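Please open the model in a viewer and keep the selection panel at hand.

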Amino acid sequence: MDKVKILVVDDESRMRKLVRDFLTRQNYEVLEAADGEEALDIFYKDKAIALLILDVMMPKMNGWEVCREIRQTSKVPIIMLTAKSDESDELMGFDLGVDEYITKPFSPKILVARVEAILRRTNKIGDAADFKTAGEIILDKTAHEVKISGNPVELSFKEFELLEYFMDNQGIALSRERILNSVWNYDYFGDARTIDTHVKKLRNKLGACGSYIKTVWGMGYKFEVS
């Protein structure tokens, strides 16, 4: 099976090498470009490129310009790298069709995890069953990530498991005991009211999407998008 090709675009050779080394360890084929113009030349010549990792600040053409041009003809996944952490920059990136936005300095391991999550989502690698959606919520089981409208949501391990259980049982009225036995397992001897505490926290973290978790009075909860 051919290796998945990733184009890494950054004017800093050390940064390209760092990203390339981590990706090649995961058996990806990595192409490199030092500026925006070179990136477009490579991209248009090689139709097998499955994902771009694109720096914002570059000579000749910056990352925004490259992204804007590519989006005119392609939906290839794009991860933007930037030294800035300005929210307006991040929002502009998503408006242009950026799939991920990572601020420097970053953990190479986290970058690889994001790459793999996107490639699974686009069916380039892995099992689509690890990827769940409900309304604006996207849950990636393997990467253990939740996003709402492209924005990451920080959940505890148990909150993540609870959300996943709800998403797997959409439209079904679930008793507190059933949730407790499924998410906390049968060997948990705590009070079933712990469910209410976790649901309250989960709703708050999901923002407007917290309304997907509906209370079934006298019984428990039901998850449905409305």
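Begin in this predicted model by selecting Glu100, Ala117, Ile118, Arg121, Phe131, Ile138, Asp140, Glu145, Val146 and Lys147, which line the largest cavity. The structure contains one cavity of 30 Å³ or more, and the space within the largest cavity is about 60 Å³. Colouring the lining by class shows five nonpolar and five charged residues, with no polar ones.

Next, display the secondary structure around this cavity. Helix H5 (108-121), strand E7 (137-140) and strand E8 (145-148) each contribute at least two lining residues.

Which residues of the largest nonpolar core touch the most other members? They are Ile137, Leu163, Phe166, Ile179 and Phe223, in a core of 27 residues. Each of the elements E7, E8, H6, H7, H8 and E12 supplies at least two residues of this core. The largest share, six residues, is provided by H6. In soluble globular proteins, nonpolar side chains tend to be buried together.

Now centre the view on Phe223. Beyond its neighbours within four places in sequence, Phe223 is in contact with Ile137, Leu163 and Phe166, among others.

Finally, select Trp64, Cys67, Met80 and Leu96. These residues are among the members of a second, separate core of 24 residues.

Definitions and conventions: Residues are numbered from 1 along each chain as its sequence is written. This is a predicted model: local features need pLDDT of at least 70, side-chain atom pairs count only at pLDDT 80 or more; totals for chains, interfaces and linings use all residues. Side-chain values use heavy atoms; hydrogens and water are left out. On a 1 Å grid over the protein atoms alone, a cavity is a set of points where a 1.4 Å probe fits but cannot get out, and a pocket is an open set with protein on both sides within 12 Å along at least five of seven lines; lining residues have an atom within 4 Å of a point. Grid points are joined across faces, edges and corners, and a volume is the space filled by probe spheres set on the points. Helices (H or I, at least four residues) and strands (E, at least two) are DSSP runs, numbered from the N terminus. Ala, Val, Leu, Ile, Met, Phe, Trp, Tyr, Cys and Pro count as nonpolar, Asp, Glu, Lys and Arg as charged, and the others, Gly among them, as polar. A nonpolar core is a set of buried Ala, Val, Leu, Ile, Met, Phe, Trp, Tyr and Cys residues joined through side-chain atoms within 4.5 Å. Buried means under 20% relative accessible area, exposed over 50%, partly exposed in between (1.4 Å probe, protein chains only). Contact means heavy atoms within 4.5 Å.
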